[in-house]
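Subject: Structure handover

Hello,

Here is the structure I promised you. Please open it and keep it beside this email as you read.

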Amino acid sequence: MAGGADHGRMERWCWGAGSVVVIVYALIPVAWILSLSLKRSADLGDNRLFPQVVSLEHYAAVFRDPQFSAALWNSLGIAGISTLVAVLLGMFAAYAVVRLEFPGRRVILAAALSIAMFPPVSIIGPLFNIWRTVGLYDTWAGLILPYITFTLPLAIWILSAFFREIPWDLDKAARVDGATPLKAFVFVIAPLAAPAVFTAAILVFMFAWNDFLFAISLTSTNDARTVPAAIAFFTGSSRFQQPTGSIAAASVVVTLPIIIVVLIFQRRIVAGLTAGAVKG
Amino acid sequence: MSEIELRKVSKRFTGATAVKRANFTIRDGEFFILVGPSGCGKSTLLNMIVGLEDVSEGEIRIDGQRVNELDPKDRNMAMVFQSYALYPHMSVRENMAFPLKLAKLSNPEIDRRVARAAQILELDEYLDRRPRALSGGQRQRVAMGRAIVREPRAFLLDEPLSNLDAKLRVQMRTEIARLHNRLGTTTVYVTHDQTEAMTLGDRIAVLRKGEVLQIGTPRELYERPRNLFVAGFIGSPAMNFLPARRAEGRLELPPGALEIPAYNAKRWGTGQGPLIAGFRPEHLRVIGERDVSVLWFAARAEVVEWLGADLFVYFDVALKGFGEMDLPEDLDIQRGDTARHTLVARIDPAHAVQEGDSLRVGLDWRDVHVFDAASGQNLTLSNAVNEH
């Protein structure tokens with residue numbers, strides 16, 4: 001008995017220690033960036049983890065820069081719209097793939113997967129030329145379209161895997177209770193699918209928010225340049241100065257929405273998963 | 001309130017026929033049972049009535065109006081599913097109110113109806129709980145509640161009790177019967193359990209492999225089964241079967257021959273095909289006069305089951321030169337091999353029969369059903385007995 005308790009304590013301790021190692025390892029770069037963003041320009045090269053004097057001068061500089069606030073607005077808009085459209089389309093597609101018998105529904109899933117595995121870098125060149133010809137270069141739509149294309153397969157897979165687990169007697173029950181197919185979906189199926197929807201939404205949002213490749217290749221001005229691309233165009237306060245501090249501050253600023261989004265949705269996911277586990 | 005009429009209704013899935021020309025009428029206010037082994041098409045039939053499955057062929061009419069093309073939402077029928085299909089994200093109250101909200105009833109009316117249903121089903125205390133916080137029996141009642149609040153034209157129940165344990169099942173069975181008496185709504189009830197069918201139904205349709213074999217009251221099905229399958233399916237323990245042969249004025253069974261008056265023997269025809277004799281466990285007697293109409297034979301009690309009010313005695317009969325019987329496989333009657341067959345007798349528990357005891361068992365020819373082994377037809381019934 002005592003041995004068993006010891007064993008359990010030992011196991012917990014090992015797990016705890018392991019988790020700490022992983023978390024520290026993962027967070028050191030983040031801590032370093034945070035530290036850089038809070039140092040004075042003069043201290044940037046002092047090789048210390050903790051700033052000697054905490055200063056918000058880089059944050060002030062970043063927000064004074066019209067380029068950055070434009071990029072922030074672009075990032076929010078483009079990632080938001082991409083998420084909305086991809087999740088909505090993904091829901092309809094996944095619902096159809098799971099619920100309807102039609103020729104080629106396996107092909108759809110396979111095709112979606114192959115698109116998700118397609119290396120984006122290989123289409124960047126052609127896309128650049130096409131976008132310039134059709135006038136999508138340096139527009140929101142010009143980024144939203146590829147983001148949806150590359151995230152939709154993921155959304156379809158996550159959602160269809162989840163839809164498969166939903167007891168479809170519920171849909172039948174709603175239909176018999178007097179609901180149209182759309183109402184049955186909206187009032188019964190969609191609320192149950194919420195956890196999957198949030199999961200898909202987070203992943204799509206992160207893809208669009210973090211993307212650098214499309215953003216740097218398909219934009220040229222503040223009209224559509226997103227934050228990851230804009231950071232690359234940062235300059236120091238003088239031509240002799242590295243923009244390290246501003247880049248660090250900007251990086252911290254763009255990381256915050258992701259952290260907030262994940263924290264908010266994570267709750268929903270956990271809450272939703274247990275609700276969905278009810279039999280019948 | 002409504003009368004549901006099925007006119008030669010068939011359902012074909014790719015490569016298979018699930019329902020073959022079902023043709024019957026469920027009367028207004030009737031408690032109608034669809035019973036049969038799994039895969040017999042009973043649930044498909046129910047789904048067609050409610051509109052969840054398309055009708056391949058034929059016509060379904062409700063109160064004389066064709067509903068084949070009507071969406072389930074417009075049929076105003078309520079269904080209880082085997083899984084209960086309660087909406088897990090809604091409270092009991094919201095579950096029951098859901099169909100009423102869809103019907104755009106006023107809030108006071110919704111509250112009134114939900115309260116009434118909750119009171120009938122004794123769910124008042126649970127109205128604000130989620131389904132996951134309820135026991136199996138309570139979930140079952142919520143599913144019933146969601147059905148009755150609508151005051152629908154008909155209730156359709158698809159194996160509603162099969163997820164409950166044995167004791168609760170019996171309790172809910174009586175509750176459903178009481179509910180039907182109280183509301184008087186046409187009810188169609190699907191089950192694979194013949195006991196449920198017998199106890200609940202005003203009339204029962206026995207289905208097998210998509211075909212309706214017989215429709216009748218429980219008593220009709222029990223006393224006058226039209227074929228071997230119905231005979232073996234209805235009744236518990238199941239009817240005893242023995243291979244049989246025609247002989248001049250007699251019916252030869254492995255344990256002996258029964259004298260049959262010529263008038264009755266005529267019905268079996270003069271064909272030479274093998275026969276199967278069937279008789280209920282309660283028709284095997286251990287006491288009685290030595291009447292010429294009764295065949296007496298010796299048996300040795302192999303297993304004795306005493307249930308208080310009943311005593312079941314199982315004994316073997318050697319088949320002695322009679323061919324093997326071909327009983328329908330889906331009847332699940334496994335009572336022997338090529339050499340012997342086990343029979344069961346239900347006798348008065350006052351008899352102190354013990355395992356290994358020898359007894360004399362009597363069988364009256366009037367209690368014997370004679371089936372054609374090839375077609376399964378009950379030859380004992382006059383051909384006039386055709387309910388539908």
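In which helix of chain B does B:Asn264 lie? It is helix 9, which covers residues 262-265. Before going on, please remember that this is a predicted model. B:Asn264 counts as partly exposed, because it has 14 C-beta neighbours inside 10 Å. Now look for B:Thr380. It is 116 residues away from B:Asn264 along the chain. Yet the two C-alpha atoms are separated by 7.7 Å.

Chain B overall

Chain B holds nine helices and 20 strands. Its C-alpha atoms fill a box of roughly 75 × 45 × 35 Å along the principal axes. The chain has 388 residues, and 43% of them are buried. Next, take the contacts in chain B between residues at least 6 apart in sequence. Of these, 70% join residues at least 24 apart.

The six-stranded sheet

One open sheet in chain B has six strands. Their order is 6-7-8-3-9-10, and the pairing is mixed. Which strands stand at the edges? They are strand 6 and strand 10 (211-216) of chain B, and each pairs on one side only. From one strand to the next, the twist averages 15°.

Helix 4 of chain B (residues 136-148) packs on this sheet. Helix 4 touches strand 6 and strand 7 (154-158) of chain B. The direction of helix 4 makes about 175° with that of strand 6.

Now move to strand 3 (residues 31-35) and strand 9 (residues 203-208) of chain B. These two run parallel and are joined by four bridges. One pair to find is B:Ile33 with its bridge partner B:Ile204 in strand 9.

As background, strands of a sheet pair through backbone hydrogen bonds, either parallel or antiparallel.

The five-stranded sheet

Chain B also has an open sheet of five strands, in the order 15-19-16-17-18. Here the pairing is antiparallel. Strand 15 (284-285) and strand 18 (340-347) of chain B are at the edges. Each has a single partner strand, so one side of each has no neighbour in the sheet. How many bridges join strand 17 (residues 311-318) to strand 18 of chain B? There are eight, and the two strands run antiparallel. Within this pair, B:Ala318 stands opposite B:Arg340 of strand 18.

Two helices side by side

Go back to helix 4 of chain B and find helix 2 of chain B. Their axes come within 7 Å and cross at roughly 30°. Angles under 35 degrees count as roughly parallel, and therefore helix 2 and helix 4 of chain B are roughly parallel to each other. The crossing is right-handed.

Which residues make the contact? Helix 2 of chain B gives B:Val92, B:Asn95, B:Met96 and B:Pro99. Helix 4 of chain B gives B:Val142, B:Gly145 and B:Arg146. By class, this contact has four nonpolar, two polar and one charged residues.

The contact with chain A

Chain B also touches chain A. The contact takes 22 residues from chain B and 18 residues from chain A. On the chain B side, strand 6 (77-80) and helix 2 (92-102) are the elements that give two or more residues. That side divides into 17 nonpolar, two polar and three charged residues.

Backbone points to check

- B:Ser236 and B:Pro237 are joined by a cis peptide bond, with omega about -5°. B:Pro237 lies in the loop between helix 8 (228-233) and strand 11 (240-247) of chain B.
- B:Ala85 is not a glycine, but its phi is positive, at about 50°. B:Ala85 is in the loop between strand 6 and helix 2 of chain B.
- B:Glu151 also has a positive phi, near 50°, and is a residue other than glycine. B:Glu151 lies in the loop between helix 4 and strand 7 of chain B.

Is B:Ala85 buried or exposed? B:Ala85 is buried, because 27 other C-beta atoms lie within 10 Å, and the cut-off for buried is 20 or more. B:Glu151 has 14 such atoms within 10 Å, so B:Glu151 is partly exposed.

Best wishes

How values were computed. Residues numbered from 1 in each chain as written. Chains lettered and ligands numbered in written order. Predicted model: local features only at pLDDT ≥ 70, side-chain atom pairs only at ≥ 80, totals over all residues. Buried ≥ 20, exposed ≤ 12 C-beta atoms within 10 Å, placed from the backbone. Contact = placed C-beta atoms within 7 Å. Nonpolar A, V, L, I, M, F, W, Y, C, P; charged D, E, K, R; others polar. Pairing = 2+ DSSP bridges. Axes fitted to C-alpha atoms, helices over the stretch in contact; angles between N-to-C directions. Parallel < 35°, antiparallel > 145°, perpendicular 65-115°, else oblique. Left-handed = near helix turned anticlockwise from the far one by under 90°.
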